[in-house]
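Open the structure in your viewer and keep the selection panel at hand. Each stop names what to select next.

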Amino acid sequence: MDNRIEVQGLTKTYHLYRKKSHRIRGLLLREEYLAREFEALRGISFTVAEGECVGIIGLNGSGKSTLLKILSGVTSPTEGSVRIRGEVEALLELGAGFRPEDTGIKNVERQLMLRGLQKEERRRRMSGILAFAEIGDFAFQPVRTYSTGMFVRLAFAAALSIEPEILLIDEALSVGDVFFQEKCFRRIRALSGKATVLMVSHDLASISRFCSRTLLLNGGVLVYDGDTKDAIAEYYRIRQGTMPCTERKNKVEMPVWDEPMRIPEAGSLSGAGQIRITAYSWQVNGAAFREEVMQDDRIRVTLSVQTEEPTDCLITGFQVLDKRGMEVFGETNLTSGNGRFSTQLRKGESLISFCFSWPELREGDYFMTLGIGTGPEVLCQIEQCWVNQAVHFVNSTSGRLIYGLFNRKMEEFQIISMEADKNE
Amino acid sequence: MRLLIYMAWEDLRIRYSRSWLGALWAFLSPLLTVLILCYVFWAGYRNPPVGEIPFVLWFTAGYVPWLFISDGIAGGTRCFTEYAVLICKQRFPAQVLPKVRLLSSFIIHCFFLLILLIVRYALLPDTPVRFFHLLYFETAVFLYLLGAGYLLGTLQIFLPDLSDMVGILLQLLFWITPVLWQESGEMRERIGWMLAGNPVRYLVQGFRMSLLPGDGRLPVRSTLLFWSFTGMQLLAGSFLFSRFSPSFADEM
């Protein structure tokens with residue numbers, strides 16, 4: 001298939017000035033030294049083929065939005081080349097260019113007009129947009145009277161009605177109510193067969209839903225380009241700050257513990273690293289390293305921990321994520337014990353173990369991340385050592401249908417007939 | 001082109017969309033200004049007629065192009081900054097914006113020109129209007145304002161204070177241009193070069209020349225000065241625009 005987007009060595013430099021007057025001097029006199037250069041993007045290269053749906057993720061300030069801005073032609077790159085073949089529609093900001101004083105219809109009309117559509121075409125699109133937005137007679141009211149939800153609906157409907165060959169979406173899907181979001185997802189999915197879609201989002205679940213391939217940006221550099229699941233794992237690792245890794249001799253057998261333990265993969269570790277998880281193991285209903293789990297199975301996790309500095313406020317926790325990288329559940333010793341559990345850790349090597357039972361969950365793949373931190377509270381802790389996606393579980397429900405992420409049983413149920421009894 | 005006309009209409013509508021009478025205010029307020037000024041100078045100061053031309057007509061013939069020019073300059077200065085949303089959030093050809101602004105000012109101008117022509121024919125039915133001259137000076141105003149739009153509009157992005165400065169400069173321009181007052185022969189002798197160097201004076205006097213009876217020959221010196229100024233302004237405007245328009249979105 002043909003490449004729709006070809007990006008070669010893309011670099012975008014912004015000039016930052018400490019004072020306003022410096023900027024004017026820089027412009028007039030070319031006194032470049034007054035500016036501090038900030039490279040929002042550095043040497044990015046990739047290609048996107050026709051019909052592909054590619055996600056772009058990264059921490060705040062990693063250059064995602066700048067990349068989309070360049071691709072959409074709003075701003076130009078400092079270096080490098082961008083080749084785009086096809087009509088581009090960019091959703092950089094939902095409802096940008098809507099005027100609050102004008103009615104919904106008028107605003108949509110303007111959006112369509114600005115894209116140079118003919119009268120017939122505009123009329124056809126307009127009815128489709130109103131049907132999709134489902135805002136009823138509010139379409140004839142000024143947009144300033146709209147609720148946020150209505151505004152989002154209309155803006156999205158207007159943007160999606162244009163059937164572009166290349167669609168660029170920046171963080172737009174994370175707004176609106178769930179039902180409408182779902183509707184937009186379906187629309188985009190329908191589009192993505194024909195169109196090339198690039199989406200930026202912090203919502204990793206929706207990225208993994210649409211995109212089989214994901215670009216991960218960090219500090220303006222493309223650090224990963226490939227399978228979405230790996231990109232998300234990499235993203236988490238970057239988010240927690242990579243830990244300095246020391247080469248350890250591969251000892252599987254621990255002296256005080258007669259079970260074999262796994263050494264964490266060097267790449268899966270992150271955190272400050274004053275306390276380190278050197279090995280870990282788990283059991284499902286007593287069976288070591290089992291991956292198949294079901295509701296109410298008892299899971300025991302053991303961590304071998306090494307530290308040079310003793311601490312009084314150790315926090316040990318786990319988090320279970322689904323394969324889209326969405327956090328499903330998790331707990332820490334601090335929050336589940338209400339102070340019952342000791343949080344002291346002595347210098348040297350220690351073994352930590354905890355136990356929990358598997359909840360009712362939809363079937364599928366789950367990954368458990370194990371983590372150790374220090375601090376008085378979970379929300380203000382120093383992440384010492386995380387083993388990202390340490391354990392893989394396959395959850396089965398033995399044929400029971402889970403209607404959502406999990407089920408909740410009805411606790412009362414009755415049928416009362418409201419018809420009057422004919423015999424009386 | 002269709003986009004241009006549509007956006008010019010929108011531009012007008014939006015400018016006055018908050019009020020009840022809407023775009024009507026665009027016509028109403030200058031119309032009232034003309035009436036008030038005419039009344040003051042005609043009834044109050046009893047300005048004598050200029051030659052055989054009634055003062056009201058003489059003044060209006062200069063005030064109508066002045067309105068177009070001042071509206072065009074002020075609007076052109078803000079043409080990019082007021083459409084920042086379009087430039088920053090969408091792919092949009094920024095080069096149409098000065099034209100959009102010019103066109104929306106022109107729509108109002110056309111209305112006034114029409115009234116002016118009616119009044120003029122009512123007061124001076126015997127002498128013909130020099131339509132060739134009118135066409136020439138309309139073109140001149142267009143090119144003058146287009147250059148100003150590109151130049152000032154681009155500068156405004158980097159110098160946000162410019163639009164306030166332009167407001168004051170327009171005040172100044174109004175008083176150094178013979179819109180309300182008349183040039184005397186003595187003045188022309190003493191500061192003729194200064195008068196000729198004012199491109200707005202050239203346009204205002206040109207409109208009077210087209211509409212009112214009198215000498216119909218173009219003054220050579222001020223014509224040359226006007227076109228060299230306008231040409232330079234166009235060149236500078238398009239140079240600055242093409243140099244900086246790729247980074248507009250970063251600057252706003």
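**Stop 1: A:Leu334**

Select A:Leu334. At 25% relative accessibility, A:Leu334 is partly exposed, because that class runs between 20% and 50%. Bear in mind throughout that this is a predicted model. Colour helix α9 of chain A, residues 333-337, and you will find A:Leu334 in that helix. A:Leu334 and A:Leu314 are separated by 20 residues in sequence, and their C-alpha atoms lie 8.4 Å apart in space.

**Stop 2: A:Arg213**

Stay in chain A and select A:Arg213. Is A:Arg213 buried or exposed? A:Arg213 has a relative accessible area of 14%, so this arginine counts as buried, the cut-off being under 20%. A:Arg213 belongs to strand β8, residues 213-218 of chain A.

Next, show what touches A:Arg213, leaving aside neighbours within four places in sequence. The contacts include A:Phe46, A:Thr47 and A:Val48. Also in contact with A:Arg213 are A:Glu52, A:Cys53, A:Val54 and A:Gly55.

**Stop 3: the largest cavity**

Rolling a probe the size of a water molecule over the atoms shows where empty space is left. The count is four cavities of 30 Å³ or more. The largest cavity holds about 140 Å³ of space.

Which residues lie nearest the centre of the largest cavity? Select A:Leu91, A:Glu93, A:Gln111, A:Arg115 and B:Gln90, which lie nearest the centre among the 16 residues of the lining. Then colour β5 (88-91) and α5 (148-161) of chain A; each gives at least two residues to the lining of the largest cavity. By class, the lining of this cavity has nine nonpolar, three polar and four charged residues.

**Stop 4: chain B overall**

How many helices and strands does chain B have? Chain B has 11 helices and zero strands. From the N terminus on, its elements read α-α-α-α-α-α-α-α-α-α-α. Chain B has 252 residues, and 50% of them are buried. Take the contacts in chain B between residues at least 6 apart in sequence: 78% of these join residues at least 24 apart.

**Stop 5: α6 against α7 in chain B**

Select helix α6 (residues 131-158) and helix α7 (residues 162-176) of chain B. The two pack at an angle of about 135 degrees, and their axes are 9 Å apart. That angle makes α6(B) oblique to α7(B). Show side chains at the contact. B:Leu152, B:Leu155 and B:Gln156 come from α6(B), while B:Leu162, B:Ser163 and B:Val166 come from α7(B). By class, this contact has four nonpolar, two polar and no charged residues.

**Stop 6: the second largest pocket**

Move along chain B for the last stop. The second largest pocket has a volume of about 700 Å³. Select B:Glu183, B:Arg188, B:Gln205, B:Met209 and B:Asp215; of the 27 lining residues, these are the closest to the centre of the second largest pocket. Colour α8 (185-196), α9 (199-211) and α10 (220-244) of chain B, the elements that give two or more residues to this lining.

Which element gives the largest share of the lining of the second largest pocket? The largest share comes from α9(B), with six residues. Finish by colouring the lining of the second largest pocket by class: 12 nonpolar, seven polar and eight charged.

Technical notes
Residues numbered from 1 in each chain as written. Chains lettered and ligands numbered in written order. Predicted model: local features only at pLDDT ≥ 70, side-chain atom pairs only at ≥ 80, totals over all residues. Heavy atoms only, no water. Axes fitted to C-alpha atoms, helices over the stretch in contact; angles between N-to-C directions. Helix = DSSP H or I, 4+ residues; strand = E, 2+ residues; numbered from the N terminus. Parallel < 35°, antiparallel > 145°, perpendicular 65-115°, else oblique. Contact = heavy atoms within 4.5 Å. Nonpolar A, V, L, I, M, F, W, Y, C, P; charged D, E, K, R; others polar. Buried < 20%, exposed > 50% of the residue type's maximum accessible area, 1.4 Å probe, protein only. 1 Å grid on protein atoms, 1.4 Å probe; cavity = no way out; pocket = protein on both sides within 12 Å on 5 of 7 lines; lining within 4 Å. Points joined across faces, edges and corners; volume = space filled by probe spheres on them.
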